[in-house]
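Good morning, everyone. Please have the sequence and the structure open while I talk, and stop me if you lose the place.

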Amino acid sequence: MEASTAKRRKLSHGGGGPAFLAGASSGSASSALIEATQELVNDVQVDYGQAFEGVDQTLRQFKETIEALEPHDPELITKITASFQKNEKITVPYPNPRPAKDSPYKLSFAKPSQVNVVGSYQLRTMVRSQPDMSVDMIVVMPASIFQDKDYRDGRYFLKRSYYCAYIAAGIRKSAPSFDIAFDHLEGNQLLPVAVVRPKGTKSDKKGYAIRIIPCAPDGLFPTAKLGLTSSNTKDSTKPTPFYNSTLRAESLFVPYLRLLNNAAKSCPAFREACMLGRIWLQQRGFGSSLSEGGFGHFEWAVLVALLLQGGGRKGEAVLSSALNSSQLFKATMQYLALTNLQKKPVVFGSQSAPDSLRQNGPVVWDAAREHNLFFKMTSWAVNFLQQQAKWSLAGLKSDSLDQFDSLFVVKVDQMLQTFDLVVKIRSTAQCDDSGGDTSRGVAWDFAERLHRVLKRALGDRAQLVHAVLPKHTAWSVTANPPGKKGGDILIGVVTDPSLVARKMDLGPSVEQKEEAAKYRDFWGEKAELRRFQDGSILESIEWNLDSERSIPEQIIRYAAKKHFTLQGDDLSFFGANSFSKVAHLSYSDAQYFSAARQGFESLEKEIREVEDLPLHVRQVAPVAPELRYASLHPPSPASRLPMDIALSFEASGKWTDNVAANQRLKMAFLLKLGASLGETNPEIKTHIGLEQVNHDSRNIAFLDVSYEDGFVYRIRLQSDVDEKILETQLRNKQLDRQALQDAAESLAICKRLYTNLPLHSQTLSTWCTRYPPLSDSIRMLKYWFSCHRLASHFNEELIELFALRAFITPSPWQVPTSAMTGFLRAIHLIARWDWIDEPLVIDHSESITAADRSAVSAQFHELRRQDPRMNRVVLFVATSHDTTGTAHTRNGPSRVVANQMTKLARSTCEAVKNKGVDLDPRSLFQSSLKHYDVVIRLNSKVLKAMMRDDGSKHSQFKNLDKLHGESGPLPLIELPAKTLAKQLNAIYSNAIVFFRGAGDDNIIAGLWNPEIGTRTRKVDMPCAYKPDGEGESLQVDREAILSEIARVGGDVIEKIEVKGTQ
């Protein structure tokens, strides 16, 4: 939910990269995005004079202080450290492992050769929304304090740490109005820096920090010794690429400063492109820190500068300096998405020995400065970065998306919204036995090995496996640096929904001896040799599909225990399975939906085979949520609630021109159909029922078809002339107002039953088949609406459309791959939707054109102009089948309920953001009754008794019951609790706004309507009133209304609780 400081734009244009890259955008779309991004850049620019008031004077003061520090000759590290820490009360922040007591190394201090300001403050590419405002001041240490071999075994970093502590002591003495602490530069434990802040400020937008960064002079060590394949530790002969790249980067602050300043001079839009890149990365949780992926604003800026100079196939520049900022941004993002950064090094410039660039991680080699720009990135981080770039580009290519919001406004760094399964590994369980380059830290090394094992173990079940390292924190200058083990490591998994529940994994055949041996070595006793029906003999693994733990969790637990001896308590799992349990969803539910669908297909076949009907059947359309895989509860043969079907015949001139007469004809058709079905299939029982008797122009009858030991279906019959008759009545200006209103209401009901619902059901069925997680996402969202007692105000189709929107327009994510991510993104959509000023357009058929969108927008604004208080339509939701926007919202919700929906959705998103992976899913579905004025508790025993029987009298002798009719109860029209809620709402909606969940919710809550307070006596009062003391004023008679409610409910109501009373 967190967004940047920019206002939300309403864009409906497609976009891509510049013309010289794939996916070029149209001129109008590109110009719209250019305009929006330019406005964003203007909005987020930092007022440096205000945000960094007095910082230039402070920097000069620090520079003078550092240059005036007293130098001293080399002394043994043990002696000088003890003396310094005793006198200055500052602990030297040596990296782990700290120097031994008998270490022969000597330390000294001399005046720096250069003090300079670098970074985004100097480049002027900061933005107001960035979490930490800091100024980087480098202190170039003189070459005289180093020896030729100091690049080995961490000697340089020991001297650098002492130099940093010596500067910190001097700053603390000369600037008592500042707080000073140590931190690791971008989380690199080899590089402590001094962080200075004005007293009374924190690392937020209200204050700034100055990072004092000791670094090496250019050319201090030979670059040949710092290559990616060199080893610079005495304990191992393995290459130390991270150590070497860190040491090489120490002498590149000034060269990269020149590169970026030259790029800013040659390309006018360079700075703005860097600002856009910073915002895009920031919204996705990327940064230069190791824990944030190792790719932040600095890496983005350098990459853009390098692309302005080269990077093409023949060394030509990929980017042109004539491009504007949005074109530079999109082209750089395309470069990240389309370039192979995993399998081979990417080289800028000429490199004479490409074999020297081989390493496990990604390599983007800057040949001019002989440095790997991506040295802080892991394989999983660069893969995730590329995935984010691809998702963003996919959003730019679709005209149906709000491109600007998906790129720069929506915050997409929440793990539960991105990953289907998240695993937390406790810090105490992390072990360091890599035997290689350990300078990155225990957490990095452990995560790298764990990621490699889990990626292999999950195989094609996982589309993406990502790791998040613990964040680094600053520490007091009087304390020791944080230990080797940091915080917990998080593993995020994006699963393949079509493969995630696969029970059997197949390995190599018995003839492939080498591969089979590796397979058994990896899986151990879990691997078994099996013979299959086709005669093949394969290594295989069988997982437990009936376990409470999902198969990915079973795989991760087994692999972690076998390869890292991690026990159950060391791992915590968060994700789809926990959410599904809360919402009472199960893998086995799918078979019930399939059975209901098969039953419908059998019924359709039997209906079409009936030969003695006067008209031929044109369509048998399922319209019940159960038949489109979208009901809250799975269909059950034991349920007395039928599933709705719409039946239509071929066009005929035999229908009358009177809607009421046609309703009687439809009843005769249904009677005939029921008799014919009973004759052809003895297992079928049919019952004709009356839906309502108050309106002759609306459907009055239905046919319930029950299968013995099977499902119940309810058939309603469509007359193809009814809509035309009602439309003709609406055009008749001679009819009175009441008649026109009845015709409009009847027409809306007719269209909903026989046009909108069949099309909607067909659409949902198609999309649920295409995206298997959609069904459970819809059901989970309905459960959320039900738990918060909003379900009674929303058509089920509307809730289904909210979930569908998260799948068909997923940007800035990919399509959800689990019920949890689909649910959370649908909630995110609801929370961000400004329904007062924006229509919601759901193009589920990909048929809505730009002209259609303009027409929808015009219709929406005309509706708001005619009804500014939103008394008629509150939510405007247009679809491919209904561009009027009111098909599913005509009867609600009200503005009060819509506001409640938005508040609850925002609270849900806030909980997801604040709690992260520690979120208890149950908390998202818990709703308090304290804020309601009235709580009506229903008697569950009475409701269950009503569900078991149809209310008819029975003899005490069962054989007499059989003589007088069928023994089983008739199907229900609807749940008794729902019937009561509808009756109460019809009678008392003027006085009370009722809230109730779906299905078996036994609580009806209510809020008194504040708009009908004290009134004077008049005819046609909205509800019961009583005298308000003296005078003629009246107040709502709440006691009388509640007494009437108790009388209407009878035994169904167990208790009525009133706020403020016992």
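How do H4 and H6 lie to each other, roughly parallel or oblique? This is a predicted model, so we are reading a prediction throughout. Helix H4 covers residues 77-88, and helix H6 covers residues 155-174. They pack at an angle of about 20 degrees, and their axes are 12 Å apart. An angle under 35 degrees counts as roughly parallel, and H4 and H6 are therefore roughly parallel to each other. The crossing of these two helices is left-handed.

Now the residues that touch. From H4 we have Ile77, Ile80, Phe84 and Glu88. Across from them, H6 brings in Leu158, Tyr162, Ala165, Tyr166, Ala169, Arg172 and Lys173. Sorted by class, the contact of H4 with H6 has eight nonpolar residues, three charged ones and no polar ones.

Stay with H4 for a moment and go into the loop between H4 and strand E2, which is 106-109. Lys89 is found in that loop. Lys89 has a positive phi of about 55 degrees, although it is not a glycine. Pro97 has its place in the loop as well. A cis peptide bond joins Asn96 and Pro97, with omega at about 0 degrees. For background, most residues other than glycine have a negative phi, and most peptide bonds are trans.

Pro893 lies in the loop between strand E25, residues 877-879, and helix H27, residues 895-915.

Next, another helix pair. How do H23 and H25 lie, oblique or roughly parallel? Helix H23 is residues 773-787 and helix H25 is residues 819-832. Their axes come within 8 Å and cross at roughly 50 degrees. H23 and H25 are therefore oblique to each other. Their crossing is right-handed. On the H23 side, the contact includes Met780, Leu781, Trp784 and Phe785. On the H25 side, it includes Phe823, Ala826, Ile827 and Ile830. Over the whole contact of H23 with H25, eleven residues are nonpolar, two are polar and one is charged.

One more pair: helix H22, residues 737-770, and helix H24, residues 796-808. They pack at an angle of about 35 degrees with their axes 11 Å apart, and the crossing is left-handed. H22 contributes Arg752, Leu757, His760, Thr763, Leu764 and Trp767, while H24 contributes Glu797, Glu800, Leu801, Leu804 and Ile808. That contact divides into six nonpolar, two polar and three charged residues.

On to the sheets. Strands of a sheet pair through backbone hydrogen bonds, either parallel or antiparallel. Take the open sheet with the order E15-E17-E16, which has three strands and antiparallel pairing. Which strands are at its edges? They are strand E15, 504-509, and strand E16, 528-531, and each pairs on one side only. From one strand to the next, the twist averages 45 degrees. E15 pairs with strand E17, residues 537-542, over four bridges in the antiparallel sense. Within that region, Leu506 stands opposite Ser540 in E17. Helix H16, residues 513-523, packs on this sheet and touches E15, E16 and E17. The direction of H16 makes about 140 degrees with that of E15.

Another open sheet has three strands in the order E29-E31-E30, with antiparallel pairing. Why is one side of E29 and of E30 left without a neighbour in the sheet? Strand E29 (1015-1016) and strand E30 (1025-1027) stand at the edges and have a single partner strand each, so one side of each has no neighbour there. Three bridges join E30 to strand E31, residues 1033-1036, and the two run antiparallel. Pro1027 has Leu1034 in E31 as its bridge partner.

Last, confidence. The mean pLDDT of the protein is 88, and 92% of its residues reach 70 or more. Helix H10, residues 297-307, has the highest confidence, at 97, and helix H29, residues 958-964, the lowest, at a mean of 48. Over residues 1-29, pLDDT stays under 50, and the model has 95 contacts beyond four places in sequence for them. Over residues 962-967, pLDDT also stays under 50, with one such contact. Where pLDDT is low, the predicted coordinates should not be read in detail.

Definitions and conventions
Residues numbered from 1 in each chain as written. Predicted model: local features only at pLDDT ≥ 70, side-chain atom pairs only at ≥ 80, totals over all residues. Heavy atoms only, no water. Pairing = 2+ DSSP bridges. Axes fitted to C-alpha atoms, helices over the stretch in contact; angles between N-to-C directions. Parallel < 35°, antiparallel > 145°, perpendicular 65-115°, else oblique. Left-handed = near helix turned anticlockwise from the far one by under 90°. Contact = heavy atoms within 4.5 Å. Nonpolar A, V, L, I, M, F, W, Y, C, P; charged D, E, K, R; others polar. pLDDT = per-residue confidence, 0-100.
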